[in-house]
Amino acid sequence: MPIIAIIGAGQLGGRHLQGLLRLERPADIHVVDPSAAALDVARTRAGEVHHGTAHAVFFASSADALPDALDYAIVATNADIRLPVIEALLARSRVRHLLLEKVLFQSVAEYDRAQEILRTAGVSTWVDCARRVYPNYDDVKAFFADEAIRTFDVTGGGWGLGCNIVHFLDIFAHLSGEIVDRIDTRELDDRVVQSRRAGFVEVTGTLTGRSPRARFSATCHTDNRAGILITIRSDSRSCVIDEAGGMAFFGDHRAKTWSQEPFVLPFLSEASTGIARDILGRGKCALPDLAESSAVHVPLIRALAAFISGRTGGPADVCPIT
């Protein structure tokens, strides 16, 4: 029977718990959070799942309650405490496989430190940029398989650019095979706003970037709540994805044809089941590993840290997003 831990029992942790409860094989699942309110959220989420598998679920306020060995652990805390949480977890338990939520960390030094300690401990580690496991994005990847992507544009209203842009930087990397390693903040709105999470900030406007062969942009409007629209172009093909509307449009400009397909994004609680099944059953999954995701994160963290520091007076090497 696999032994699993979820560290951080808030909204994300609760959804991961729902996914684990849908596993077909029984598991011991340990949920840890110092907040009694967060643990109550997780209990509520667990009660929403109807399953026939005899899982054992334990709730605790401290990692001291964890077993000495874990087959799989999920760290779903805020970014500012993620590295010390990982260090405390490894000091308490031997961990075979680890899943980290994003944004991973808030400083470049933490990315280096995390990779060092997890490599030394022999922990296989992935990052939950889950669009990679969604079947519809496999269709998009196949559509551009023989052509280089030239532009990738994301636009919408009120979607949390700082917090969520890494999802789009990651799926761009997956589809194109390139990393956006040059980030430009000059088109962002010249201010920062308080995040819904206390102690963190958000940015709005447009962030642009470049990979070796492509231009990337992401826009978050403040005057509307329009759903996210993604437009991807190569030299002769275009794809427009309306994630909220559940539809994707594929254009072949040489053939002068357009087609459309339903585009379904699974809930985190659904995707988490398949991710856990792959990791526990095969020791691998389709998510980016820590090194790959760090390469995507670091240019963004550097650029946003400098931008935010210039407007708040905070340290230039810390990016207070989560």
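How many aromatic pairs does a search of the whole structure find?

Author: The model is a predicted one, in which local features need pLDDT of at least 70 and side-chain atom pairs count only at pLDDT 80 or more, while totals for chains, interfaces and linings use all residues. Residues are numbered from 1 along each chain as its sequence is written, and side-chain values use heavy atoms, with hydrogens and water left out.

The search of the whole structure finds eight aromatic pairs, where rings of Phe, Tyr and Trp (its six-membered ring) pair if their centres lie within 6.5 Å, and planes under 30 degrees apart count as stacked, over 60 as edge-to-face and the rest as tilted. Phe 105 and Tyr 111 form an edge-to-face pair, because their ring centres are 5.1 Å apart and their planes stand at 85°. Trp 159 and Phe 168 are likewise edge-to-face, because their planes also stand at 85°, with the centres 5.5 Å apart. Both Phe 105 and Tyr 111 are buried, a term for under 20% relative accessible area, with exposed meaning over 50% and partly exposed in between (1.4 Å probe, protein chains only); Trp 159 and Phe 168 are buried as well. Elsewhere, ring pairs join Phe 143, Phe 144 and Phe 250 in a cluster.

Rings also take part in another arrangement, in which a charge sits over a ring if NZ of Lys or CZ of Arg is within 6 Å of the ring centre and within 35 degrees of the ring normal. The ring of Phe 59 has the charged end of Arg 43 over it, 4.7 Å from the ring centre, and for Phe 307 the charged end over the ring belongs to Arg 311, 3.9 Å from the centre.
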